[in-house]
Amino acid sequence: MDEDRLMRCFTAAFPGVDPTDIKEAKNFDAIPGSDSLRLVNLLAVLDEEYDVEIELPDSPDFKPYDGVKQYLLQHGLIP
Amino acid sequence: MKPGDTQESSVSDQVAVVFTEADVELFSEASGDRNPLHLDRAYAQRTPYGQPVVFGCLGALACFGQLRVPSGMCVRSMAADFLRPIFSDVHYEVKTETIDGVWEARLFDGSALALLARATIGADSGIPIRPIGDDSGVFQHAVANVPHAAEIRRGTSTSGAYRCNGAALAALARHWGVDDHQIATALCWSSYLVGMELPGEPALFFRLAFELQRPATPPSSCLRYRASTTYAGFGQIKIEVALESGDSPLVSGHCWSYVRPPVPVTEDADSSRVVSASMAGKVAVITGTSRGLGAAIARALEARGATVYGISRSQPEANSLRVEIGDAANREVLRLLKQRILNEQGRLDYLICNASPPLLPLTLEPNGAERVAEFVKSAIGLTLFPLCEFSDLLEIGEACVVIISSVAVETPVKEWPHYVAAKRAVEALGTVMALQHPQLRTVVVRPDKLITNLTNTPRGHVGAESPKLIARRIAERLENPPPAGKVEIQY
């Protein structure tokens, strides 16, 4: 899959954050600078990029990058 | 970058920055951005920020002022992310470095990143932009556009002529050390575009990304712009933008803005019909009645026959309210109100301490200490002074004190150490008030998040409750107040 495209969405929503920190974050709170606005940005960027409105689970165990990637794969939005 | 630095990387620099009201006014004069969130104190007081916000593009200008472009080179692309609101008279630090050929500046409030600016440079070809000498700008709008909901959609567009106020732009660029006026022009123009036109008044500009082109011929005295919304969703819009001199593009790229939704006026349903006469003859004082929960409580009590007096810093939504305009911690305001109540009513049955300062995230670190202390002092005063001033009136009869606290005292919010501390303190005041005045009945209310102006941020209303529901529960409890000498917690 085009991981660069997905990571661009995350770095657009979390500017200034190292992609490694994004990829390894265990939940959204673990991404530096994360707040509710960053989450909204991520939803909007994903919507614009993949034409999809994702429901992000409100769970401390939801790994943001892997979780979104899995969602997109399951819905056939990325090869 | 500085002379001697390579384009690939450079050592980080650090500079202290403070924005003043004069800086904000100069930016407004140069750019034509007159959005009231930045300039109108009374307007800003009714927003979650509680005070005027410094233009994000002014913050970006301060960052770009640290960029030194080598001779023969110019800025080819620029971007900025406005991550947190910036305020006057706060000490910020700008840290800069160049990594892999990308220059980056970060504006910090203590450890909190407020703004991130980036630029790439390339060979300079073409004519640099110079500010026009006269001091008149060309701005299509003198008042910020207030869009209809239908306008917040893909395809909405705008266009027109634009020119910065040349004298103000030159002063601005000089003050912040911005050598390249094309950067200053781009920031001024985009601030005007987003703050005044698209979307206009409800804008919260949060990102820009531009390519800059040098014109082949001297730029015309008046530029033209076009902008079109290419995405709208999740309370934000993305706008494709272009600024041109004749046929020459100068700036092209995108701007992103949140669109603050209007806060619904507290519904008048309860006051338009009489619920009961259970509070007929009763007299109440409520602090912070201009809108939100205070206004809702006032309506709920009036609907039950109570005579309600309010204290607020601005005119309330409901014109029927008997209001003293002023700060609820101002002793003169409180004395005037008490005298008025004595003259008109001779009694006080309910004191509802609802007023609280606007709430912004703060961190327990050196840069935040004074603001934390100021908030706590202000918040405690807004409950302490009314309690003390009305204590003798409250001793007559079976009076009831209501302290509006928050569920945050049980579930602290990480970004609100000041709010948690203040609410726990005002609850303590209510508790000791009950000990010192054992004939009083005391209710401490701990609401969760409410739909008010203070929570009117892009995500602030998610999971929020209507203040009318809380107000109704408070009114129903006051109809059957708890026993004297006890402190009851209500949610």
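Student: What covers the buried residues of helix 1 of chain B?
Tutor: The cover includes helix 2 (36-39), helix 4 (56-64), helix 5 (166-176) and helix 6 (181-197) of chain B. Keep in mind that this is a predicted model: local features need pLDDT of at least 70, side-chain atom pairs count only at pLDDT 80 or more, and totals for chains, interfaces and linings use all residues. Residues are numbered from 1 along each chain as its sequence is written, with chains lettered from A and ligands numbered from 1 in the order in which they are written.

Student: Which residues of helix 1 of chain B are buried?
Tutor: Helix 1 covers residues 21-31, and its buried residues are B:Asp23, B:Val24, B:Phe27, B:Ser28, B:Glu29, B:Ala30 and B:Ser31. Buried takes 20 or more other C-beta atoms within 10 Å of the residue's own; exposed takes 12 or fewer; partly exposed is in between, with C-beta atoms placed from the backbone. Helices (H or I, at least four residues) and strands (E, at least two) are DSSP runs, numbered from the N terminus.

Student: What comes just after helix 1 of chain B?
Tutor: B:Gly32, with a positive phi of about 85°.

Student: How do helix 1 and helix 5 of chain B cross?
Tutor: Their axes come within 7 Å and cross at roughly 135°. Axes are lines fitted to C-alpha atoms, for helices over the stretch in contact, and angles run from 0 to 180 degrees between N-to-C directions. The two helices are therefore oblique to each other. The cut-offs: under 35 degrees is roughly parallel, over 145 roughly antiparallel, 65 to 115 roughly perpendicular, and the rest oblique.

Student: Left-handed or right-handed, that crossing of helix 1 and helix 5 of chain B?
Tutor: Left-handed. That is, the near helix is turned anticlockwise from the far one by less than a right angle; clockwise would be right-handed. Helix 1 brings B:Leu26, B:Phe27, B:Glu29 and B:Ala30 to the contact, and helix 5 brings B:Ala168, B:Leu169, B:Ala171 and B:Leu172. Contact means C-beta atoms, placed from the backbone, within 7 Å. By class there are 7 nonpolar, no polar and 1 charged residues. Ala, Val, Leu, Ile, Met, Phe, Trp, Tyr, Cys and Pro count as nonpolar, Asp, Glu, Lys and Arg as charged, and the others, Gly among them, as polar.

Student: And helix 9 against helix 10 of chain B, what's the angle?
Tutor: About 25°, with the axes 10 Å apart; helix 9 is residues 331-344 and helix 10 is residues 369-394. They are therefore roughly parallel to each other. The crossing is right-handed. B:Arg331, B:Leu334, B:Arg335 and B:Lys338 of helix 9 meet B:Phe385, B:Pro386, B:Glu389, B:Phe390 and B:Leu393 of helix 10. This contact divides into 5 nonpolar, no polar and 4 charged residues.

Student: New topic. How many residues has the largest nonpolar core?
Tutor: It has 77, and B:Leu61 and B:Leu115 have the most contacts inside it. A nonpolar core is a set of buried Ala, Val, Leu, Ile, Met, Phe, Trp, Tyr and Cys residues joined through C-beta atoms within 7 Å. Helix 6 of chain B gives the most to this core, with 10 residues. A second, separate core of 58 residues includes B:Leu387, B:Phe390, B:Cys400 and B:Val444.

Student: What does B:Leu61 touch?
Tutor: Leaving out residues up to four places away in sequence, B:Leu61 touches B:Leu172, B:Trp176, B:Val178, B:Ala184 and B:Leu187.

Student: Is B:Leu107 buried or exposed?
Tutor: Buried, because B:Leu107 has 25 C-beta neighbours inside 10 Å. It sits in strand 4 (residues 102-109) of chain B. Beyond four places in sequence, B:Leu107 touches B:Gly59, B:Cys63, B:Tyr92, B:Val94, B:Ala114 and B:Leu115.

Student: Where is B:Pro199?
Tutor: In the loop between helix 6 and strand 7 (203-212) of chain B. The peptide bond from B:Leu198 to B:Pro199 is cis, with omega near 5°.

Student: Last one. How many residues of chain A are in contact with chain B?
Tutor: 10 residues of chain A, against 13 of chain B. The chain A side has 5 nonpolar, 3 polar and 2 charged residues.

Technical notes: Contact = placed C-beta atoms within 7 Å.
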